[in-house]
Each structure stands twice: as structure tokens, then as C-alpha cells.
Amino acid sequence: MSTTYKAETNVTGSPVQVTPEEARELEQVGVVVDSQERSGTYILNDDHSQCSPIVVGGLELLPIAYALKKYDWLSEYFWQLVSPDKDEITREIAAQPEPQGFFLRVRKGSKITMPFQAALHMTSPDSTQAVHNLVIVEEDGELNFITGCVSGHHVHRGLHLAVTETFVGRSATVTNSMVHNWGPGIKVRPRAATLVEENGTFVSNYVSLEPAGDIQMDPLTILKGDNATARFYTVILGSADSLIDTGGTILLQGKNTSAEVVQRAVSVGGHMIQRGLIVGENASKGHVDCSGMLMGKAGAGSIKAVPGIESKHADAQLSHEASIGKIAQEQISYLQAHGMDEAEAVSMILRGFLTQGVVGLGEDLDARIRDITDLALQAEG
């Protein structure tokens, strides 16, 4: 049953109260309304929150504005990993009269077996969506959540700003799968940071089907506790004239921490920068892998790989690699010799490239990667 809060929290009804067209747009980014296979749903249409509040089974979901009024102790978390004065993006978000976004909490020892889903949906042309999300997974907790970001097909221009702060408790596990499907005139500026305590695990999967015209993101993860782990997997299709600058910075502060950053980019006309930086501040292990593939017309797009490692401790074992190229004709010929036509061969090679080194995506993200493969082949053709 849905709950309606005070007017100032902008909460109305249930997430099932979306139009059929909106439901189809949300499905493109893995958010399925009325699904029995989700533990909970949050939808933000522009600056209008819709959710079915949950305080059951160890999972708590509330609009962030309501949560801040309910819990005084949230001041110990809100704006603690990302500074409100970090840049003009955070200053604009902090200046909101009332924050928009969600508060998601998994209580100590709770294992949320079904994914939670959140949709950040831009439905009004020439608008600005400013979001602040807060995720807390307490000791021994487990959470898998999907964040789908999408603009309506009629929204040709807009600005999406977001801050997400995530706290992973001792021996807790968090998997965040984010799928973007933006219009070509959307500018996207997320600012995210995650803190992982002892024996905690944080996995970030990011898949972009139709990237915004201009996107810049460099999430920060701090492995504070001993034996903490972080893995970042990024798969992006750069379409014509898009500007995409993605990265990920991981600080290995605790003993025996480990991290991996894997970037896969396909440009069919977009200009892309792949970044990844791992900083070893203690006895630790880390690896950065940036790989790109150019398709489509020669000279139409570009990819720049900038993998980085920095050691501040003698026992930090860090490595990186980078490669950019195109599909080799001999690979296509080999598969054709074994009965495939050219399109099937290219599809198999491309899909293998996108998923190389990426494990445990699950059905939802696997389907999105198939979509990227199809879109890249259309551009190639």
C-alpha cells in the first residue's frame, strides 16, 4: 500500500502510477514497474518522487527529505563523503530548498535477496533534475540495487545533476548496477562516493546504451577497512557527437584491500575518455584495464585511455593496461569459415569484447549489453 507524505516532500501514490509510455522507457534501463522480482521501487519524475515506502524485512526506503526529518542521526552521513562545496554541481544540489532523491537502508544482518530498483526519469524538456541519494548498508547486510536513468523521447535538452553517497558496513556486500539511456541533448554530471568498512565488498556495474550528449563522472571509493574489496565494470557505447568522460578513483587505505577497474568502450562517432585511478595507501592489490574499440566511419569518433596507478606504500601491488583498436578482419574470416555470416561474426566478437573480464552481470545487464551490440552494429552498417 502506498503512503502519501506532506506536500513538501513531493510524494504521491505508487510507482505503478506511470503511463504505458513511461513504463516502456523505464524498462529500457532495467526498471520494471509492478514487478514481483523487486524488493522495492523508487521513481523520481523530474522533481516529483513516487515510491511505496518500505520499513520491513530489514529494508527501509524513504524519500530523502522525509528521512532527514525522521532521523537526526542522518547528519552523520548526509554530505559526509561528498562536499557540498566540491564544485558548482554539488553547490547547486545543496542549494535546493528541499533535497530530492531516496534514502535506502539495509539493517544489520539483513540479506535483501531481490534487487531494489530506482529510476531517475527526466520527463520535462529544458529542465534540471538535481538529486541527492543516500544508501546505508549496515554490518553483515547485503543489497543489490538497480539505478535506471532515462529521459523521455520528447526531452531533447536538459541537465541531470546527482550526488550519491553509499556506506558499506563491516562484512556487508553492495552491488550497484546503473543503466543510462539519455537523449543526445542531455548533460549529465553525477558526483558519487562510497565508503567500505572491514571485509566489505562494493561492486559497481555501469552500462550506457544511449549516452547523454555530454557526460562526466569520476566516482570515488574509499576502502577504509582491512580486507575490503571494490570492483568497477563500465561498458559504454559512444554515439555520434557525444562527449563522454568516465572514470573511477579507488583509495586502498586498509590492509589487504583489493580493487579492479575494468572499462570497455565502443565508439561509433562519440569522443570518449576512459579513466581509472587506484591509489595504494597500504598493503594492497589493484588493477586498471581500459579497452576501446572504434567502429563506423574513420575519423568520426575517438577514444582516449588514461589508466592510472599511484603507490604510497611499499607493499601495494598495482598494475594497469590499455588497448584501443578495431575488429580484426582475420577474426571475422575465421568465424565465417566456421559457418557464420559476417553480421553474426561481428556481433559475437563485439559481445566478447564488451564482456571480457566482466563477471556476474546477471540477466538485466546482460540484456543491456546485447542492446549495445545491436546499436553498434546498426551504426557500423
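Which residues form one aromatic cluster? Tyr71, Trp73, Tyr77, Phe103 and Phe167 do.

A quick word on the model: it is predicted, with local features needing pLDDT of at least 70, side-chain atom pairs counting only at pLDDT 80 or more, and totals for linings using all residues. Residues are numbered from 1 along each chain as its sequence is written, and side-chain values use heavy atoms, without hydrogens or water.

**Rings**

The structure holds 8 aromatic pairs (Phe, Tyr or Trp rings, the six-membered one for Trp, with centres within 6.5 Å; planes under 30 degrees apart are stacked, over 60 edge-to-face, the rest tilted). The Phe78 and Trp79 rings have centres 6.0 Å apart and planes at 65 degrees, so this pair is edge-to-face. Phe78 is buried at 15% relative accessible area (buried means under 20%, with a 1.4 Å probe and protein chains only). Trp79 is buried too, at 15%.

**Cavities**

There are 2 cavities of 30 Å³ or more. A cavity is a set of points on a 1 Å grid over the protein atoms alone where a 1.4 Å probe fits but cannot get out, and lining residues have an atom within 4 Å of a point. Points join across faces, edges and corners, and volume is the space filled by probe spheres set on them.

| Cavity | Volume |
|---|---|
| Largest cavity | about 410 Å³ |
| Second largest cavity | about 40 Å³ |

Of the 34 residues lining the largest cavity, Asn176, Met178, Ala192, Met217 and Pro219 are the closest to its centre. The residues lining the second largest cavity include Thr234, Ile236 and Arg264.

Notes. Buried < 20%, exposed > 50% of the residue type's maximum accessible area, 1.4 Å probe, protein only. 1 Å grid on protein atoms, 1.4 Å probe; cavity = no way out; pocket = protein on both sides within 12 Å on 5 of 7 lines; lining within 4 Å.
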